[in-house]
Amino acid sequence: MPHSAQALPISFPDPSRSRTYDSVLDLIGNTPLVRLNRLTEGLPATVYVKLDGFNLGGSSKDRIGLNIVREAIAGGELRPGGRITDTGAGNTAIGIALAGNATGHPSSSVPLPTLSPEKARLLEFLGVELLPGRPDVPREDPENWANVAQRRAEAETDGWWSHQESNGDNPAAHIASTGPEIWHQTGGRVTHFLAQIATGGTVSGTGSYLHEQNPEVSVIATDFHGSMHSQSNLYRVASGEPDAEQLERDWPENIDLDVIDRIERRDREAAIALGWRAAREEGLLIGLSSALSLGVALDLAANADEDDVFVVFSADSARDYVSREYNLAWLRENDYPELAERLARGDYSAPTHGSTDPDTVLVARADDRVLA
Ligand SMILES: Cc1ncc(COP(=O)(O)O)c(C=O)c1O
């Protein structure tokens with residue numbers, strides 16, 4: 001169904017509201033919150049997107065990079081000139097490099113094999129050492145990415161492994177910044193907060209701040225079918241299934257099930273299609289994890305109340321995906337030929353496959369669970 005045209009702004013923003021900063025590191029946080037108009041046409045609720053791609057290094061992970069490095073220096077764990085090492089999807093390594101380079105700390109990263117070429121080039125440009133490692137093999141395997149990070153940290157006297165998945169300064173960054181920003185930007189009207197879950201820092205930290213302001217806010221973690229978390233029994237434990245009480249695998253300590261109200265999973269293909277649609281119909285440039293959460297928000301907003309205010313967290317921008325999922329040639333060559341043909345025709349619908357129907361995991365109360 002064609003959308004009605006959106007009215008263009010009649011002028012540029014008031015120049016007297018533009019700001020000047022004392023340091024590039026002041027360009028982390030205070031990211032814009034923008035209301036959607038076209039993708040939400042006909043929906044009763046309001047949907048906003050928190051655009052963390054506006055951070056200095058292009059993602060939400062600048063917030064945690066800054067906080068982790070600052071606190072490690074303050075606490076003496078990171079000694080002068082010491083190398084910082086970690087595993088991750090690439091964005092944290094950029095955030096750590098910004099804060100590390102500003103304070104004289106070189107860094108190394110063991111990225112996911114899906115690291116986009118754009119992020120890899122930026123990391124190299126920032127001087128980050130990229131090391132190969134595998135997240136999909138057991139911890140006993142020397143190639144396991146955590147072992148690679150650990151070995152690199154131990155190879156230098158002042159090497160330090162920042163452990164973003166269990167480092168409390170990761171969620172603390174979101175408690176101190178993302179949560180208060182969203183509360184302020186919505187005037188306390190936020191009713192639903194959605195963010196993709198990896199280390200859990202974003203959803204746990206922001207969610208705990210929002211719950212403190214209003215326990216009724218629904219905090220929703222989103223995930224892809226087939227993700228690392230999906231491949232463990234995390235979700236069965238989270239939903240309190242009686243035969244799934246112990247986690248079968250280490251999981252990020254920064255995932256706080258006392259904060260997360262529910263977990264929603266969707267197909268990667270649906271998120272890719274929505275990422276394209278957001279750009280083509282709303283001019284919204286958001287990454288894949290953002291499109292995943294946006295899809296869930298649009299589903300839920302269809303049955304929501306008029307007063308409901310959804311905030312979708314966008315960790316990074318579409319710019320980071322234009323040589324992979326936001327590229328027709330890449331899609332054709334990488335298992336998505338049918339999707340590529342549909343997108344080329346301007347058809348942004350994503351069929352729901354039987355085996356990957358959207359499903360929800362309602363998180364059980366903490367006292368009903370036994371965690372390993
Ligand atoms: C693009 C993107 N979205 C979402 C996430 C998930 O954030 P968190 O680690 O805070 O759960 C990450 C983390 O790696 C990410 O890089």
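Which residue in β10 does F193 stand opposite? I looked it up: F193 faces V311.

**Ground rules.** I am working from a predicted model, where local features need pLDDT of at least 70, side-chain atom pairs count only at pLDDT 80 or more, and totals for chains, interfaces and linings use all residues. Residues are numbered from 1 along each chain as its sequence is written, and side-chain values use heavy atoms, with hydrogens and water left out.

**Annotation.** I checked the UniProt record. Its unreviewed entry annotates residues 25-314 as "domain: Tryptophan synthase beta chain-like PALP". UniProt positions are given in the numbering used here, feature names are shortened, and annotations may be inferred rather than shown by experiment. Over residues 25-314 I read 38% helix and 16% strand. The end C-alpha atoms are 20 Å apart. Helices (H or I, at least four residues) and strands (E, at least two) are DSSP runs, numbered from the N terminus.

**Seven-stranded sheet.** I traced an open sheet of 7 strands, ordered β1-β2-β10-β7-β8-β9-β11, with mixed pairing. Two strands pair if DSSP finds at least two bridges between them. β1 (33-35) and β11 (359-362) are the edge strands, and each pairs on one side only. From one strand to the next, the twist averages 25 degrees. β7 (residues 192-196) and β10 (residues 309-314) pair in the parallel sense over 3 bridges.

**Helices on that sheet.** Helix α6 (residues 201-213) lies across β7, β8 (218-224) and β10, and runs at about 165 degrees to β7. Helix α9 (residues 288-301) also packs on the sheet. I found α9 touching β2 (46-51), β7, β8, β9 (262-266) and β10, with its direction at about 165 degrees to that of β10. Axes are lines fitted to C-alpha atoms, for helices over the stretch in contact, and angles run from 0 to 180 degrees between N-to-C directions.

**Four-stranded sheet.** I found 4 strands in an open sheet, ordered β5-β4-β3-β6, with parallel pairing. β5 (129-130) and β6 (160-161) are at the edges with a single partner strand each, so one side of each has no neighbour in the sheet. β3 (residues 84-88) and β4 (residues 107-111) pair over 5 bridges in the parallel sense. D86 has S109 in β4 as its bridge partner.

**α2 and α3.** How far apart are the axes of helix α2 (residues 91-102) and helix α3 (residues 117-125)? I read 10 Å, with a packing angle of about 20 degrees. The pair is therefore roughly parallel (under 35 degrees; over 145 is roughly antiparallel, 65 to 115 roughly perpendicular, the rest oblique). N91, A93 and I94 in α2 meet K119, L122 and L123 in α3.

**α1 and α5.** Helix α1 (residues 61-74) packs against α5 at about 130 degrees, with the axes 8 Å apart. That makes α1 oblique to α5. I looked at D169, which sits in helix α5 (residues 169-185). Beyond its neighbours within four places in sequence, D169 is in contact (heavy atoms within 4.5 Å) with N67, I68 and E71. D169 and R63 are 106 residues apart in sequence, yet 9.8 Å apart in space, C-alpha to C-alpha.
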